[in-house]
Amino acid sequence: MRKYKGNCLTSVICNCCGKNLVVEREIVKEGVTRIYAEWDYFSEKDGEIHGFDICEECYDRITSQFKYPVSVVQKTELL
Ligand SMILES: [Zn+2]
């Protein structure tokens with residue numbers, strides 16, 4: 001969950017555990033990712049796009065329970 005003051009990012013909170021992540025000058029200084037889930041016709045959520053932020057600890061805990069591991073691709077250029 002992201003909070004803004006005007007257009008400025010002021011805080012990022014993990015939707016899963018509620019951890020308030022460190023934000024300095026609009027840059028998140030801890031591991032966090034934004035997940036988007038777009039639901040299609042054959043789901044119960046047709047036409048909905050869900051979004052949430054999840055900290056690295058929650059991400060690791062949840063994905064470690066997957067039957068098959070997540071796919072990983074290295075970005076060629078880090079900004
Ligand atoms: Zn978390």
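Trainee: What makes the pairing of the Met-1 backbone nitrogen and the side chain of Asp-53 a polar contact?

Mentor: In this predicted model, the backbone nitrogen of Met-1 lies 2.9 Å from a polar side-chain atom of Asp-53. A polar contact is a pair of N or O atoms within 3.5 Å; within protein, one must be able to donate a hydrogen and the other to accept it, and residues adjacent in sequence count only if both atoms are side-chain atoms. The side chains of Asp-53 and Arg-34 are also joined by a polar contact, of 2.9 Å.

Trainee: How do you know whether Asp-53 is buried or exposed?

Mentor: Its relative accessibility is 0%. Buried means under 20% relative accessible area, exposed over 50%, partly exposed in between (1.4 Å probe, protein chains only), so Asp-53 counts as buried.

Trainee: And why is Cys-17 called partly exposed?

Mentor: Because its relative accessibility is 45%, Cys-17 counts as partly exposed. Cys-14, at 1%, is buried.

Trainee: Which atoms are the protein donors of the zinc ion?

Mentor: They are the SG atoms of Cys-14, Cys-17, Cys-55 and Cys-58, 2.3 to 2.4 Å from the zinc ion. Donors are N, O and S atoms within 2.8 Å of the metal (3.2 Å for Na, K and Ca); water is not among the atoms, so sites may look incomplete.

Trainee: Why is the zinc site called tetrahedral?

Mentor: Four donors count as tetrahedral if all angles lie between 85 and 135 degrees. The angles among the four donor atoms here are 105 to 114°, so the site is tetrahedral.

Trainee: What should I keep in mind about the model?

Mentor: Residues are numbered from 1 along each chain as its sequence is written, and side-chain values use heavy atoms, leaving out hydrogens and water. Local features need pLDDT of at least 70, side-chain atom pairs count only at pLDDT 80 or more, and totals for chains, interfaces and linings use all residues.

Technical notes. Four donors count as tetrahedral if all angles lie between 85 and 135 degrees; four count as square planar and six as octahedral if opposite donors are over 155 degrees apart and all others between 65 and 115; anything else is irregular.
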